[in-house]
Amino acid sequence: MMNSASDPRPPGEDATQAPPAPPAVRAENLTVVRGPRTVLRTLDFTVPRGQITGLLGPSGCGKSTLMRSIVGTQDKVTGTLDVLGHPAGHPALRTRVGYVTQAPSVYDDLTIRQNLDYFAAILDPGRAAADRRHDNVTRAIADVDLTTHADALAGNLSGGQRNRVSLAVALLGTPELLVLDEPTVGLDPVLRRDLWNLFHDIAATRGATLLISSHVMDEAERCHRLLLMREGEILADATPDALRTRTGADTVESAFLHLVDAATAAARTKETDAKETGTDTKETDPEEKRTNETRTKETTR
Ligand SMILES: Nc1ncnc2c1ncn2[C@@H]1O[C@H](COP(=O)(O)OP(=O)(O)OP(=O)(O)O)[C@@H](O)[C@H]1O
């Protein structure tokens with residue numbers, strides 16, 4: 001049984017013994033600027049531990065930027081962004097957070113096993129760990145269903161297979177938080193189903209938290225919680241059931257479209273009001289932005 005978002009302790013654990021662990025991710029007033037654009041605007045949300053949270057929204061809405069911020073690789077992040085109780089990017093998070101980017105990071109001139117051996121040696125170095133590394137590599141390759149291809153050169157794999165090698169690398173260290181940027185792109189339906197089963201297995205048996213981006217709405221139904229994004233803002237933060245109930249929709253896709261239409265209508269009304277009163281609401285005034293930035297709790301990285 002999955003733990004609740006508010007109390008991640010195992011059922012039956014004495015509430016007086018230890019304070020509840022912080023959420024996997026906590027964002028307050030999170031803003032990210034890329035080039036001349038504010039790509040994420042004053043986001044407030046939490047990602048509960050031990051669950052699969054889906055990050056969904058149309059192409060360009062800011063999903064990858066948010067993930068990069070969480071794993072600590074994004075510049076010009078302001079506001080508060082805590083990951084597993086530390087500021088995002090803190091050195092203590094290096095082995096606790098796994099990240100798979102959209103572009104597979106594998107060495108083409110090595111086999112799958114050699115790729116994993118290489119990353120395993122970085123994560124868990126030394127002769128004494130050789131047996132453990134071998135077991136972890138074999139397990140990670142099996143997790144992503146590539147055992148029969150273990151000795152194939154990565155350069156000869158299909159795009160979907162290369163994605164799965166990247167995922168296997170992220171699974172090597174048994175991270176507490178796995179951040180996966182569109183891990184099922186380019187995969188056939190059988191592999192997509194198998195990967196989603198694996199994600200649920202990782203959450204249930206290892207108690208890991210998974211944050212998975214997608215713009216395929218049927219994948220939303222497989223998540224415990226959803227963060228629905230549009231144009232750098234969070235439209236909804238709820239379970240799939242709650243979203244459907246709130247909007248009266250049959251599917252998460254219809255619920256999302258309902259919320260997008262409502263947000264578009266609200267933005268139009270705001271624009272019309274601004275034109276009538278002569279107030280520009282589209283972009284924050286640079287001076288106001290500077291003032292906001294000095295108010296934020298965490299310094300710009
Ligand atoms: N280096 C950059 N400079 C300026 N703007 C950028 C830069 N990189 C991305 N952007 C803009 O930031 C916005 C968010 O991009 P991001 O990659 O986070 O979106 P996404 O939701 O992950 O899209 P996709 O689903 O297509 O991967 C986009 O509008 C994009 O054009």
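This is a predicted model: local features need pLDDT of at least 70, side-chain atom pairs count only at pLDDT 80 or more; totals for chains, interfaces and linings use all residues.

Q: At what angle do helix α2 and helix α3 pack?
A: Helix α2 (residues 112-123) and helix α3 (residues 130-143) pack at about 130°, and their axes are 10 Å apart. Angles of 65 to 115 degrees count as roughly perpendicular and those over 145 as roughly antiparallel, so α2 is oblique to α3. The crossing of this pair is right-handed.

Q: Which residues of α2 and α3 make the contact?
A: From α2 come Ile-112, Arg-113, Leu-116, Asp-117, Ala-120 and Ala-121, while α3 brings Arg-133, Asn-136, Val-137, Ala-140 and Ile-141. Sorted by class, the contact of α2 with α3 has seven nonpolar, one polar and three charged residues.

Q: How are α7 and α8 placed, and at what angle do their axes cross?
A: The axes of helix α7 (residues 240-247) and helix α8 (residues 252-277) come within 9 Å and cross at roughly 55°. These two helices are therefore oblique to each other. Here α7 passes α8 in a left-handed crossing.

Q: Which residues meet where α7 and α8 touch?
A: On the α7 side you will find Pro-240, Leu-243, Arg-244 and Thr-247, which meet Val-252, Ala-255, His-258 and Leu-259 of α8. This contact of α7 with α8 is made up of five nonpolar, two polar and one charged residues.

Q: Now for strands. In what order do the four strands of the open sheet lie?
A: The general idea comes first: strands of a sheet pair through backbone hydrogen bonds, either parallel or antiparallel. In this model, four strands form an open sheet in the order β2-β1-β4-β5, with antiparallel pairing. At the edges stand β2 (37-47) and β5 (86-87), each with a single partner strand, so one side of each has no neighbour in the sheet.

Q: How many bridges join β1 to β2?
A: Seven bridges join strand β1 (residues 25-34) to β2, and the two run antiparallel.

Q: Which strands does helix α1 lie across?
A: Helix α1 (residues 63-71) lies across β1, β2 and β4 (77-83), and runs at about 120° to β1.

Q: Where does UniProt place the ABC transporter domain?
A: An unreviewed UniProt entry places the feature "domain: ABC transporter" at residues 25-256. That span is 36% helix and 27% strand, and its end C-alpha atoms lie 23 Å apart.

Key
Residues are numbered from 1 along each chain as its sequence is written. Axes are lines fitted to C-alpha atoms, for helices over the stretch in contact, and angles run from 0 to 180 degrees between N-to-C directions. Angles under 35 degrees count as roughly parallel, over 145 as roughly antiparallel, 65 to 115 as roughly perpendicular and the rest as oblique. A crossing is left-handed if the near helix is turned anticlockwise from the far one by less than a right angle, and right-handed if clockwise. Two residues are in contact if their C-beta atoms, placed from the backbone, lie within 7 Å. Ala, Val, Leu, Ile, Met, Phe, Trp, Tyr, Cys and Pro count as nonpolar, Asp, Glu, Lys and Arg as charged, and the others, Gly among them, as polar. UniProt positions are given in the numbering used here, feature names are shortened, and annotations may be inferred rather than shown by experiment. Two strands pair if DSSP finds at least two bridges between them.
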